Amino acid sequence: MITERTFRVPNISCAHCVHTIERELGELPGVVSVRANVADKLVTVEWNDTLVRWEDIRALLQEINYSPEAD
Ligand SMILES: [Cu+2]
């Protein structure tokens, strides 16, 4: 089953941040799509929940210093 979640990442400040988040999350097995934007600092991720969990996605974002604002 595909799950979608949109969350705010306060550390997004430029196009490089967006590129890094899209690349890093995109490399995580089970992640289907990633969209991020600078203007509102929102990230939308779709993932296959038989392959990866939200906790894994959040952990990766924390590791690369783009922690989601809230759960
Ligand atoms: Cu940046």
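Colleague: Before we look at pairs, is D56 buried, partly exposed or exposed in this structure?

Modeller: This is a predicted model, and in it D56 is partly exposed, with a relative accessible area of 26%.

Colleague: Which residue does the side chain of D56 meet in a salt bridge?

Modeller: The general idea is that side chains of opposite charge can pair when their charged atoms come close. Here the side chain of D56 meets that of R53, with a distance of 3.0 Å from N to O.

Colleague: How many salt bridges does the count come to?

Modeller: The count comes to three salt bridges. One of them joins R8 and E69, at 2.7 Å from N to O, and this pair links distant parts of the chain, since R8 lies in strand β1 (residues 2–8) while E69 lies in the segment after α2 (54–63), 61 residues apart. R8 is partly exposed at 31%, and E69 is likewise partly exposed, at 48% relative accessibility. Another salt bridge is formed by R23 with E24, whose closest N and O atoms are 3.5 Å apart; R23 counts as partly exposed at 38%, and E24 is partly exposed at 22%.

Colleague: What are the protein donors of the copper ion?

Modeller: They are the SG atoms of C14 and C17, which lie 2.0 to 2.1 Å from the copper ion. C14 is partly exposed, with a relative accessible area of 29%, whereas C17 is buried, with a value of 6%.

Colleague: How many disulfides are counted?

Modeller: A disulfide is a covalent bond between the sulfur atoms of two cysteines. In this model the count comes to zero disulfides.

Definitions and conventions
Residues are numbered from 1 along each chain as its sequence is written. This is a predicted model: local features need pLDDT of at least 70, side-chain atom pairs count only at pLDDT 80 or more; totals for chains, interfaces and linings use all residues. Side-chain values use heavy atoms; hydrogens and water are left out. Donors are N, O and S atoms within 2.8 Å of the metal (3.2 Å for Na, K and Ca); water is not among the atoms, so sites may look incomplete. Buried means under 20% relative accessible area, exposed over 50%, partly exposed in between (1.4 Å probe, protein chains only). A disulfide is a pair of cysteine sulfur atoms within 2.5 Å. A salt bridge is a side-chain nitrogen of Lys or Arg within 4 Å of a carboxyl oxygen of Asp or Glu. Helices (H or I, at least four residues) and strands (E, at least two) are DSSP runs, numbered from the N terminus.
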